[in-house]
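Me: I am new to this structure. Could you take me through some of the terms used to describe it?

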Amino acid sequence: MAAAKSLLETLRDLHQAGFVHSADKTTVQYKLQGTPAYLAPERFHGRDPSPASDMWSFMAIFVYLYLGRMAFPNVSLIGGSPEVYLYSIWENLGPLPAKWKTPTTPEYDISYASRSEALGPDPPESRFPSRLREDWTKAVTARLEKYSAMAKTGEDAEVARTAKRLKEELRVKKEAETHTVKVIHSVFRYEPGHAFKGGKGDVAAGAFFFYETGSKVTMALNTMILEHPSVGQIHGIQPEELPHVEQYLGIQYAKLANRFARGTPVETYSTPVQAAQIGPLPIADPKNCDGEHLMLQHALPHPEYTFSDTECLNLNISVPSLEARAETTGLLPVVVFVHGGGFVTGSANWPQWDLARLVERSVKSGSPVIAVGINYRLGPFGFATSSALRDAGFKPNNGLHDQKLGLRWVQKNISGFGGDPNQVTYLGSSMGAASGFFHLHSTEPLFNQLVAFGGSPMLQPFPLEVAEIAYSIITNVLGLDGLPPAEQVQSLLEIPATQLSAKLAGVPIPISAVVDGDIVPAETTYAGLANTDSLKTLFPGTEWCKTIMVGDGQLDGMVMAIAVLGSRTDNLAATLKSCLAAVFPDDPTKVKAVVDAYGIDESNTDTLPVLHFINDNIFGYPAEATAKAWAGAGSKLGTKSFLTHFNMPNPWAGDWQGHATHALDVAILLGNYNKFLSEGQRACSEKMAGDLLAFAYGKEPFPPFSGGTDGVSTVYYAGVGSDKDASHVVNDSDRNGTGRRGILVDVAAGQPEVLDNLLKATALLLQGPK
């Protein structure tokens with residue numbers, strides 16, 4: 001196989017340089033320059049050699065070397081008439097297109113037909129490849145039966161040797177079939193003299209498919225073919241520099257009748273499913289990926305993305321290579337990633353969230369997993385709702401419902417990729433993490449474990465009243481506010497999606513998940529988390545998701561400075577004081593305690609104290625309180641939690657250099673920034689990935705959180721220029737060790753209602769002065 005691949009690479013290079021096999025032209029007078037059994041049919045009729053004819057010859061030689069017989073029977077290696085050769089091709093493939101004829105085509109040639117006959121119901125490319133695959137299947141099945149019989153009667157050592165041979169037979173068979181059937185299918189769609197152009201799906205030199213991904217071109221030498229028992233044949237890729245990974249990208253999991261409709265699952269696929277490139281993104285600002293790179297303070301190359309309002313529900317699957325899968329027994333754990341972005345931005349297609357390196361790491365560490373990234377609708381199409389939309393039959397929280405459909409697709413189909421639907425770990429970042437807890441409001445099992453970084457159930461949904469405000473802003477900006485409700489909805493369906501998105505770009509619109517009494521039945525409160533019975537009522541998912549891992553970043557709150565506070569002109573310290581006074585009207589001592597503890601001063605233009613307050617209320621303490629709730633309910637519900645703190649400083653130039661910034665935790669974990677990190681920070685990345693993989697396998701990567709004063713957490717840390725990882729396990733009550741402030745705990749003094757009021761004050765602060 002290596003030799004065949006090497007020959008293909010050589011032919012590619014020669015063809016791209018303008019060279020083809022330059023033997024003298026053949027004639028029909030039996031003076032053939034070349035071996036008849038390996039010649040492309042048009043060469044019998046005086047046509048010049050071409051890249052396509054070279055690839056025909058490659059295919060014929062490869063079949064002979066692999067099967068030990070000619071691709072077309074009854075043809076001699078050293079002689080034979082054109083009649084016999086062309087008749088054998090016709091027998092195996094069916095008539096070739098009449099347009100391939102030349103003026104010298106002899107009358108005896110029966111292998112050509114009219115175009116309609118040649119492209120009839122039984123296309124040529126379906127015949128020989130299927131026959132070849134049948135031959136392989138019979139040969140390998142016979143050997144497998146032989147080895148199985150030996151295994152039943154043999155000694156333990158022989159059984160072990162037999163098992164190894166079985167795996168090798170399977171590997172060789174699949175590798176050969178994947179590679180050769182691809183070549184053969186290509187060759188039998190070829191055009192004589194066809195020259196390489198490099199467009200998507202172009203069959204150029206016969207065996208090479210090229211897919212454009214921005215400026216990157218991926219060769220089909222890296223194309224993988226997976227035979228899925230229910231989806232059918234899927235064509236994916238092997239990513240560059242990641243030899244232990246296959247990726248199947250842009251697979252549609254649901255269809256949309258229109259941009260506001262609920263998705264319906266895709267039940268059947270037209271095969272082969274072309275999954276070598278990412279699918280369209282949900283409608284959003286095209287600059288969003290670059291915007292998130294600005295937040296992370298380091299850009300990664302990415303292609304020019306396409307967007308769609310109805311063809312955007314797709315997912316990307318990264319699996320261990322065939323060789324890696326052959327070394328395992330049974331189905332593999334699955335990690336499903338749901339991106340963040342405040343429900344208005346983000347994509348599983350962005351390079352920072354590529355899951356291939358996580359899977360490569362998993363193989364190298366001996367704990368292989370399958371990873372899936374889900375795309376879901378964002379912004380107005382994913383989360384806008386109003387009485388007008390609901391009256392028209394459009395339900396709230398489309399984006400969350402999309403996620404459910406993606407998770408159901410995984411449950412139904414992941415075993416065909418080698419994944420275990422009963423061992424699925426949900427990995428969420430930011431609002432993707434909060435989404436995981438929204439799904440726990442349901443009795444429907446969608447995953448088995450939850451990992452939530454930078455988000456918790458305390459990232460609360462909006463009430464319907466806020467959603468109505470958002471809808472009115474949208475219709476006003478679009479000039480629809482004067483229309484009757486039904487006409488507004490119709491216009492929202494008809495305005496070109498990209499035009500609608502462009503008009504709303506930059507407009508502050510309060511869009512998020514809403515309390516709808518269905519997907520999100522109610523908001524989560526600290527009081528609810530503190531009571532096991534309330535926890536069970538609010539989260540029926542504790543029956544099917546017993547174990548969670550929750551983590552926060554040391555300065556997750558910086559995302560609010562970018563997304564919400566950046567354009568504010570009010571004095572944030574003064575606004576915060578008024579917000580605290582509004583939620584504690586009868587208790588000024590609490591207002592003073594918070595203001596003093598955080599060092600909030602109206603005369604100080606430094607916004608960092610205010611950000612610390614926001615950070616602790618939205619990200620820091622919610623993570624701890626959630627872990628405590630799951631741990632505290634353990635004796636009654638069988639739940640368990642793990643708590644992490646991400647303290648690794650952002651090493652790149654920008655406003656937040658030196659801080660552990662929002663979403664950086666998952667970006668570091670996935671390994672897509674490793675080449676830009678110090679040795680120590682790369683080691684920290686490896687530590688984080690190792691802990692996640694252990695968790696996905698149902699192990700305890702570090703001690704679980706107890707919820708009491710002796711509860712421990714893991715701190716992920718490595719300095720900017722460090723040469724080693726300094727992550728460590730600490731007692732979570734050690735505020736110096738965790739790098740967390742205990743101000744909220746001290747102010748609340750064991751009263752969860754105080755924490756709920758502080759959360760309300762934070763919401764008022766983010767809304768801004770009235």
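Me: Where does Pro272 lie?

Reply: This is a predicted model. In it, Pro272 lies in the loop between β9 (264-265) and β10 (273-274). The peptide bond that joins Thr271 to Pro272 is cis, with omega near 0°.

Me: Why is Gln297 called buried?

Reply: Its relative accessible area is 12%. Buried means under 20%. Therefore Gln297 counts as buried. Gln297 lies in the loop between α7 (288-296) and β12 (307-308). Gln297 is not a glycine, yet its phi is positive, at about 75°.

Me: How do you know whether Asn397 is buried or exposed?

Reply: Asn397 has 0% relative accessibility. The cut-off for buried is under 20%, so Asn397 is buried. Asn397 sits in the loop between α11 (387-391) and α12. Its phi is also positive, near 60°.

Me: What makes α12 roughly perpendicular to α13?

Reply: The axes of α12 (residues 398-413) and α13 (residues 431-439) cross at roughly 75°. Angles of 65 to 115 degrees count as roughly perpendicular, so α12 and α13 get that label. Their axes come within 11 Å. Leu400, Gln403, Lys404 and Leu407 in α12 meet Ser435, Phe438 and His439 in α13. That contact has three nonpolar, three polar and one charged.

Notes. Residues numbered from 1 in each chain as written. Predicted model: local features only at pLDDT ≥ 70, side-chain atom pairs only at ≥ 80, totals over all residues. Heavy atoms only, no water. Axes fitted to C-alpha atoms, helices over the stretch in contact; angles between N-to-C directions. Helix = DSSP H or I, 4+ residues; strand = E, 2+ residues; numbered from the N terminus. Parallel < 35°, antiparallel > 145°, perpendicular 65-115°, else oblique. Contact = heavy atoms within 4.5 Å. Nonpolar A, V, L, I, M, F, W, Y, C, P; charged D, E, K, R; others polar. Buried < 20%, exposed > 50% of the residue type's maximum accessible area, 1.4 Å probe, protein only.
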